[in-house]
Amino acid sequence: MAIPASPHLPPFEILDDYERRSLAHVVGLPEQLDAPGLWRGVGFRIGNKRLAAGFDEVVEIMPMPQVTPVPGAQPWLLGVANIRGNLLPIVDLKQFLEGERTVLHEGQRVLIVRQPGGDVAVTIDELFGQRTFNQSQQQPDEALAQSVLAAGRYAHFVDRAYALADHSWGIFSLERLARTPEFRQAAA
């Protein structure tokens with residue numbers, strides 16, 4: 001049982017005593033954040049594909065901002081948006097990857113991605129939030145090569161997949177996407 005701080009101590013020493021006692025009772029984390037074989041990221045859907053991107057690749061997740069079209073741009077570049085005083089390009093990721101336009105809806109979300117020369121926002125169809133996968137859930141490379149997660153342009157950005165609750169999740173490299181010359185050249 002801890003002895004209460006004496007009212008005769010100077011205020012700083014009382015606070016110091018409280019801090020020492022509270023730190024002595026810190027509850028441990030439920031699981032290690034950097035556990036070996038554990039991968040964490042942001043889960044989302046594009047079309048019928050469930051994907052996830054690393055936390056280090058997503059700067060922010062936000063509702064779809066108001067977009068101003070840019071004449072003469074690629075069809076997948078929806079336009080630009082003013083986000084906290086910065087103009088960011090807004091890219092329809094589904095149209096870039098599949099050639100099919102995303103059906104925009106009221107709950108639409110965008111992922112803000114850091115790229116050389118400034119951030120970019122990419123649309124997603126649905127946000128699933130944090131996803132955690134362990135090494136035992138990783139699918140063999142042969143299974144990934146034959147899945148829809150590695151079909152078409154996705155093959156350039158998905159290099160592994162995990163099985164979780166009857167779904168396959170492709171790990172999508174937003175960093176690789178941001179370095180792709182075609183993605184960086186939005187002029188038509």
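Five strands form an open sheet of mixed pairing, in the order S8-S1-S2-S10-S9. The edge positions are held by strand S8 (126–134) and strand S9 (158–164), each of which pairs on one side only. On average, neighbouring strands of this sheet are turned by 35 degrees against each other, direction ignored; axes are lines fitted to C-alpha atoms. Strands are DSSP runs of E with at least two residues, helices are runs of H or I with at least four, and both are numbered from the N terminus. Two strands are taken to pair if DSSP finds at least two bridges between them.

The structure is a predicted model, in which local features need pLDDT of at least 70 and side-chain atom pairs count only at pLDDT 80 or more, while totals for chains, interfaces and linings use all residues. Residues are numbered from 1 along each chain as its sequence is written, and side-chain values use heavy atoms, with hydrogens and water left out.

The chain contains 5 helices and 10 strands. Of its 188 residues, 38% count as buried, that is, under 20% relative accessible area with a 1.4 Å probe and protein chains only. Among contacts (heavy atoms within 4.5 Å) between residues at least 6 apart in sequence, 56% join residues at least 24 apart.

Within the sheet, strand S1 (residues 38–46) runs antiparallel to S8 and is joined to it by 8 bridges; Phe44 has Leu127 of S8 as its bridge partner. S1 is also antiparallel to S2, through 6 bridges, with Val42 partnered by Ala53 of S2. S1 and S2 form a hairpin with 2 residues between them, and Gly47 in the turn has a positive phi of about 60 degrees. Strand S2 (residues 49–54) is mostly covered, 5 of its 6 residues being buried.

The largest pocket has a volume of about 190 Å³. A pocket is an open set of points on a 1 Å grid, where a 1.4 Å probe fits, with protein on both sides within 12 Å along at least five of seven lines; lining residues have an atom within 4 Å of a point. The lining comprises 13 residues, of which Pro89, Gln115, Val120, Phe183 and Arg184 lie nearest the pocket centre. Strand S5 (86–91) and helix H5 (181–184) each supply at least two residues of this lining. By residue class, the lining divides into 8 nonpolar, 3 polar and 2 charged.

Terms used. Points joined across faces, edges and corners; volume = space filled by probe spheres on them. Nonpolar A, V, L, I, M, F, W, Y, C, P; charged D, E, K, R; others polar. Axes fitted to C-alpha atoms, helices over the stretch in contact; angles between N-to-C directions. Buried < 20%, exposed > 50% of the residue type's maximum accessible area, 1.4 Å probe, protein only.
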